[in-house]
Amino acid sequence: MSGNRSAGGVSWTLCPGCRTVQLGSRLRRGLWVCPDCGRHLQITAAQRLDALFDPDSVELVDSPLTDTDPLEFSDTEPYPRRRERARRSTGIREAMVLATGTIRGRPLVAAVADFRFLGGSMGVAVGDLLARAAEIALTRRVPLLMVTASGGARMQEGVLSLMQMARTAQALTRLDAAGILTISLVTDPTFGGVAASYATLADVILAEPGARLGFAGPRVIEQVLGQPLPTGFQTAEALHRQGHLDLVCPRGEQRAILARLLALTAPETPVERTGPNDAGIVTDPDALRPEDPWRSVRRARDIMRPTTADYAARVFTDFLELHGDRLAKDCPAIIGGPARLAGRTVMLIGTQKGHTAAELSGRQFGMASPAGYRKAARLMRLAAKLGVPVVTLVDTPGAHAGIEAEAHGQALAIADNLRVLAELPVPVVAVITGEGGSGGALALAVADRVLMLAHAVYSVISPEGCAAILWNNAAEAPRAATALRVGARDLLRLGVVDGVIPEPGEGAQTDHGTAAELVRTALIATLAELGDLSPGERRRHRFRRFETFGGSSPPGPDSKGMEWGQ
């Protein structure tokens with residue numbers, strides 16, 4: 001915190017944002033967030049632990065540190081003297097503090113940076129501490145929280161400080177291999193070697209409002225460019241729009257968000273096994289009433305059909321939406337994140353439309369960009385790491401078509417999703433809830449079980465597109481819909497879907513509650529049915545499922561290269 005003053009036993013702080021003087025006790029009650037402008041003031045590692053952890057649960061980790069001065073560095077004073085002065089002024093031994101404890105009863109390990117200590121810079125000792133925190137998380141099999149605040153690598157330790165980037169990345173790689181959740185909480189500022197290593201390698205990246213994050217600092221960039229930077233450059237809000245962060249999380253909400261993340265990765269409640277018939281899933285095509293395909297198309301496109309967000313609210317509990325492809329954008333046409341389904345954690349991913357013209361436009365009419373498919377792939381990989389099933393809900397006319405989408409690799413993004421889904425070691429269930437349009441739908445529907453709602457459709461192309469190409473007349477769309485066999489009865493007969501979920505009344509759009517309950521029951525039963533396979537068996541069965549759509553018999557179990565996971 002900056003600008004502290006005291007008079008008569010009362011402390012005052014000058015807010016660096018709005019330049020107003022705030023009463024210290026008022027700031028403390030508000031977790032050091034300015035009540036006038038919302039500026040999140042810098043706080044110490046101890047204050048951070050107090051704000052996040054359950055009272056009396058914090059245990060500081062006393063890890064041995066080796067002081068190094070490999071360069072015998074001296075600027076205005078020798079490095080050892082500067083380091084010792086930082087210790088005296090802060091009361092801590094290094095720029096990071098390790099602790100174990102609980103957040104709302106859920107255990108975790110925390111590595112918390114303190115910017116007061118030489119600007120939170122990362123040298124050998126900080127590398128030691130981060131590696132030690134990862135080791136404890138691995139041994140106890142509990143999540144690791146990393147709170148960052150740093151100017152970057154510690155220059156006084158030269159190239160050895162640079163090596164800590166690789167060292168901390170390796171520490172997190174071990175947690176990835178072990179399926180241990182990692183969370184990064186980015187605070188202002190986080191730059192240089194810290195930003196380009198452990199801060200951005202976490203499974204989930206949160207950031208405080210206004211926090212700056214980047215590899216090169218703003219002064220360096222301005223010097224290179226010779227011009228001022230845009231307003232808001234490198235801030236959490238801008239980075240969230242660019243797909244680099246999951247959430248911008250105000251300080252007062254951080255404890256609740258972290259508690260939800262920890263709960264979603266806690267041990268699960270056993271799921272009762274039921275069969276497809278108990279779940280109301282129709283597996284016999286002759287049990288379905290014949291429907292006019294064009295009527296099914298119109299029903300599937302009904303603006304009032306439940307969206308993924310509607311199902312997330314009614315079928316699942318505690319859905320926590322995560323954002324961003326970690327590269328360029330957060331696509332609004334795909335939403336996803338962990339959720340609970342009947343006591344077990346799943347990764348829910350789905351295309352999102354809307355019920356109004358404004359919602360449809362804002363969600364790109366459910367047509368995902370490359371960033372959307374990359375976000376989905378990221379969440380699928382996270383599900384694989386944590387060992388939780390993937391549930392996808394599909395309602396899209398197709399992938400977004402346009403100059404930007406093609407320039408950013410739409411085809412590659414879809415192809416990568418097909419590969420990721422084929423190799424996932426966890427159960428995958430896809431549900432076509434409305435339109436299943438072409439490769440944009442298939443990118444979320446390579447699954448162990450593919451279900452569809454009774455009035456949904458699934459096709460290689462829209463009926464209008466097919467009619468325009470083959471009949472040179474888009475008005476022949478009803479004829480094309482019949483020829484393409486887009487409805488549930490035909491798709492079940494072809495084996496493209498494994499089961500059909502009935503819809504209430506004239507369709508899911510007429511009764512969201514009942515539709516959601518039917519989907520929920522079907523998902524619980526299907527996931528329970530898939531629960532006993534090993535990862536290798538799961539991959540092989542998934543491979544053979546799609547091999548049945550070929551013109552020749554699928555390879556036998558002893559075919560070279562088919563025994564995945566061994």
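Start with the cysteines: a search of the whole structure turns up zero disulfides, a disulfide being a pair of cysteine sulfur atoms within 2.5 Å. Select C18, which is in no disulfide; its nearest cysteine sulfur, that of C34, sits 3.7 Å away. C18 is partly exposed because its relative accessibility is 28% (buried means under 20% relative accessible area, exposed over 50%, partly exposed in between, with a 1.4 Å probe and protein chains only). Now click C34: its closest cysteine sulfur, in C15, is 3.7 Å off, too far for a bond. C34 is buried, since its relative accessible area is 3%.

A word on ground rules: this is a predicted model, where local features need pLDDT of at least 70 and side-chain atom pairs count only at pLDDT 80 or more, while totals for chains, interfaces and linings use all residues. Residues are numbered from 1 along each chain as its sequence is written, and side-chain values use heavy atoms, leaving out hydrogens and water.

Next, go to T190. Relative accessibility here is 0%, so T190 counts as buried. Show side chains and you'll find T190 and T148 joined by a polar contact of 2.8 Å. Beyond neighbours within four places in sequence, T190 is in contact (heavy atoms within 4.5 Å) with residues including A149, R212 and G214.

Last stop, L144. Apart from neighbours within four places in sequence, L144 has contacts with V109, L172 and I183, among others.

Notes
Polar contact = N/O pair within 3.5 Å; in protein donor to acceptor, adjacent residues only side chain to side chain.
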